[in-house]
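Take a look at the chain first, and then we can go through them together.

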Amino acid sequence: MTRSKKLVIGASGFLGSHVTRQLVAEGRDVRVMVRRTSATRGIDDLDVERCHGDIFDDDALREAMTGCDVVYYCVVDARMYLRDPAPLFRTNVEGLRHVLDAAVATEVPRFVFTSTIATLAISETRLVTEDDPHNWTGGGPYVESRVAAENLVLRYAREKGLPAVALCISTTYGPRDWAPTPHGGALAEVAAGKMPVNLPFPLEIVGIEDAARAMLLAAENGRPGERYIISDRYMSSREVNLIAARAAGVKPPRIEIPGSVVYAGARLADVAAKVLNRDLMYCTVGMRIADLMSPLDHTKAERELGWKPEPVEESIAKAARFFVRDWTPA
């Protein structure tokens, strides 16, 4: 059987849409698997083969993978604020298991998995690498589900021979963030001149187009069973917001909020979520995840994948200009 198609599962998302766009730009034969209810604005202008299905539909998965030489898996439930963790484990772990089983059954030659830097270690003394084991707690069910998901992928590579590669991707900024992502939504507020404050937590950042490029390079050069850090720089919220404000031509946020105040507000939000019996995005666990991130070393990706990101400042500026010129809330 001739295999030439590239399958993107989760092509309607921010990263998945950019992976799809880059594949199309390279002249690849692209198939995407999306749910019928998915918002596909990010790929509606692309000439791709669409198949509809859910990651729990084994027949649909095997059909979608047939004839494909690479599967790019870009599905994740990132709702770390959920009070009920069941959906996180259902999508991030059990849904993934269905996908991996289908990939093994159809003997997919390469599987590229979207992981996260939340699966990495933290350190106060040196840059974190892929070899450092996960060494922190307090990230809640979201991080637990993502660690379990990455471990599952690597176990399939080790025990079932699936040629899978995991990319630990940091916070992504860039154009065409239609949904938008939570961090993209915050940047949109900055670009509109409506964000008065800077948060106290630095974060690792990478441009969305560079993250997508890393996915394509991982399919070509990644070593099965390995994970790669995909991130460019460790930056403060103030730096990010200043770049975005300048690109949008507005005044940057001026107020610096202490971490103690952020945590106090998050704890109050947790109480409010319980009293109101509803999920609130502002939550203690989300602040803790942001607070515990460490500077990362991405030289393995440069060395083995041939990946070289553009300065992330340009990706932040592109995001700000997108929100000003092209984006309208859904």
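Buried means under 20% relative accessible area, exposed means over 50%, and partly exposed lies in between (1.4 Å probe, protein chains only). Cys74 is buried, with a relative accessible area of 12%. Cys168 also counts as buried, at 0% relative accessibility.

A word on the source: this is a predicted model, where local features need pLDDT of at least 70, side-chain atom pairs count only at pLDDT 80 or more, and totals for chains, interfaces and linings use all residues. Residues are numbered from 1 along each chain as its sequence is written, and side-chain values use heavy atoms, with hydrogens and water left out.

How many disulfides are there? A disulfide is a pair of cysteine sulfur atoms within 2.5 Å, and by this rule the count is zero. For Cys74, the nearest cysteine sulfur is that of Cys68, 13 Å away. For Cys168, the nearest one belongs to Cys74, 14 Å away.

Now to the backbone. Most residues other than glycine have a negative phi, and most peptide bonds are trans.

| Residue | Phi | Relative accessible area |
|---|---|---|
| Glu107 | near 55° | 62%, exposed |
| Arg176 | near 65° | 23%, partly exposed |

Helices (H or I, at least four residues) and strands (E, at least two) are DSSP runs, numbered from the N terminus. Glu107 sits in the loop between α3 (86-105) and β5 (111-116). Arg176 lies in the loop between β7 and α5. Pro180 is found in the loop between β7 (171-173) and α5 (182-191), and a cis peptide bond joins Ala179 to Pro180, with omega about -15°.
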